[in-house]
Amino acid sequence: MALGFDITCGEEIVRLRKEHPVRLVACIPCADQSARFTEGQRARYDSLLSACDEKVILHESYAEGCMFERNRYMVDHAALLLAVHNGQPGGTRRTMEYAMRRGLQIVDIPPVMEP
């Protein structure tokens with residue numbers, strides 16, 4: 001449920017549910033995650049959240065490390081990791097490294113470079 005690739009993938013899963021038996025589970029690092037989103041971002045987030053089959057909330061409010069905890073939760077409950085990684089250090093890279101240690105298959109999708 002992070003802005004960007006997560007939301008885009010979630011919206012695509014909602015679309016795919018019309019033709020395939022897939023479930024959408026949101027792993028939310030903290031209940032107030034969308035507090036700093038713009039109005040438009042929050043509307044998109046809330047719309048997707050309402051379409052989820054299940055919601056897992058790890059913390060009621062932001063706690064240090066909750067974003068990394070969310071990433072580990074997703075890896076621990078996944079059969080495959082799709083990642084868009086630009087090669088830089090950060091949360092995506094650490095999540096991919098964790099998935100590798102867990103033996104999870106990773107599909108690394110190259111980021112789209114905008115002109």
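**View 1. Salt bridges in the predicted model.** Six salt bridges are counted here, each being a side-chain nitrogen of Lys or Arg within 4 Å of a carboxyl oxygen of Asp or Glu. This is a predicted model, where local features need pLDDT of at least 70, side-chain atom pairs count only at pLDDT 80 or more, and totals for chains, interfaces and linings use all residues. Residues are numbered from 1 along each chain as its sequence is written, and side-chain values use heavy atoms, with hydrogens and water left out.

**View 2. D53 meets R17.** The closest N and O atoms of this salt bridge are 2.9 Å apart. D53 sits in the loop between α2 (39-51) and β2 (54-57) and R17 in the loop between α1 and β1, so the pair ties together parts that are 36 residues apart in sequence. Helices (H or I, at least four residues) and strands (E, at least two) are DSSP runs, numbered from the N terminus. D53 is partly exposed, at 41% relative accessible area; buried means under 20%, exposed over 50%, and partly exposed in between (1.4 Å probe, protein chains only).

**View 3. R23 meets E54.** Look for the salt bridge whose closest N and O atoms are 3.5 Å apart. R23 belongs to the loop between α1 and β1 and E54 to strand β2, so parts 31 residues apart in sequence are tied together. R23 is exposed at 53%, while E54 is partly exposed at 33%.

**View 4. A pair within helix α4.** R93 and E97 lie four residues apart in helix α4, about one turn of the helix. Their salt bridge has its closest N and O atoms 3.6 Å apart.
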